[in-house]
Amino acid sequence: MTYDYQSPLGEFGRVGESYDRIRSLSMFLEAYGELLAPMGCVIPDGQQSITPENTLELRWSVRQQDGSGFLFINNYQDHVALPDRDIQLELHTSKGTAFYPREGTMQLKSGMAAILPFHMNLNGMKIISATVQPLTRFMVNQELTVVFYAHEGMAPEYVIDATSVTNVDMPEGTVSEQGNEVVIHPIAGKDHHLRVTTSDGMVIRIITLTREEALHAYRFRLGGEERLVISSSHLYVQNEMLICTSVEQPEMEVSFYPAPEHVSASKYAVSSQSKQGIFGTYTFQVSPYEPAVEVDYPKEYAATLRLDTAWPEQVDDVWIEIDYEGDVAAAHIHHQMLTDHIHYGHSWMLGLKQSRHLLADHALRLSITPIRKGTTESYVNQAYVERFEGVEIGKFNEIWVRPQYRVGVVLAGVREDT
């Protein structure tokens, strides 16, 4: 019955691990899709013959048009552990050579994949190479803001054509001019940024996030402005209101760039604010809630839960997390089957918001179909008979009840000092 299958967004609104990774790629495609779409794919010699068992060869390719494009490097192989690699790549194009990094090596960790630009023209600023991955770009007060992020083990570096820029304003990090190139080594993190003035007088703000910050980043239109929003809680926008949700964490921190002039949150949330670099950071605190639950085990392979459905207003949902052993499991409320689950080595997550009206009068019933390890013999003795010899494994290891909190946030205006 279930159609969850470890998807990015589950059937009950579960946010999976892959959701953040997919969103970061979607932000890249939204911002750079017009550049990427017409680019041809270049597969280096020997790449197509790499077998899954080959742990020595680097997986890489290029998308390019007229000498500009994106370098794709990959150090992941399904079901095979690839080693960390210290590498330097030298890419020859019709617009010149691009080095990754310009000097020395960078580390490509096991399981990592990266998209790195070469000979990219951003409003007149010509990036020859960069060891950081593009995330998004948007305009703030007629100024282009470009957001990249640094992968772990790859020190952030921008190599820019010196003829395309006149000034680099960066309070922290290092900037050096080497021949016809300006080499910038910024500090990654939302507390830091730099501003580049192009030869045409355009100002470009560059934000270099960490990989973790990039996975927590969103781009929304809020308060009449395009904004970069970073939060470890999960976010979405509904009717121009930012909705922040968090499982078990009654405190949610959200950072905005550009910083809003005013923020109002749900009346049950206590708000505080601070400034982190160019970001305005707000913390929203709600009262913690511990759901009341009675758990019984009426028979083997079965559990019954009775829950209090009078949730306070800060609680958006209540999740049941079930750690069990067995083949498959099922959940019923009253005479209705809620969903089922195929055991694949991870906990089973059930959101109860959609069934809250039934839970007020009925218990949640969980059942396990055990997995068999042994042999089955069949024979006919007036009727068909099956005899199983072995063990049946079916067990509830632990059941947790976890509240999901919700805070609505409305933004207005932009601070003049951003």
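R23 is buried, with a relative accessible area of 10%; buried denotes under 20% relative accessible area, exposed over 50%, and partly exposed in between, using a 1.4 Å probe and protein chains only. The model is predicted, so local features require pLDDT of at least 70 and side-chain atom pairs count only at pLDDT 80 or more, while totals for chains, interfaces and linings use all residues. Residues are numbered from 1 along each chain as its sequence is written, and side-chain values use heavy atoms, with hydrogens and water left out.

**R23 and helix α1**

- R23 belongs to helix α1, residues 17-36; helices (H or I, at least four residues) and strands (E, at least two) are DSSP runs numbered from the N terminus.
- The buried residues of α1 include D20, R23, M27 and F28.
- A polar contact of 2.9 Å joins the side chains of R23 and D20; the term denotes a pair of N or O atoms within 3.5 Å, where within protein one must be able to donate a hydrogen and the other to accept it, and residues adjacent in sequence count only if both atoms are side-chain atoms.
- Not counting residues up to four places away in sequence, R23 touches L215, H216, A217 and Y218, contact being heavy atoms within 4.5 Å.

**E313 and its partners**

- E313 is placed in the loop between β27 (302-307) and β28 (315-325).
- E313 touches K267 and Y268, residues up to four places away in sequence not being counted.
- The side chain of E313 also makes a polar contact with that of K267, at 3.4 Å.
- The C-alpha atoms of E313 and K267 are separated by 9.9 Å, and the two residues are 46 residues apart along the chain.
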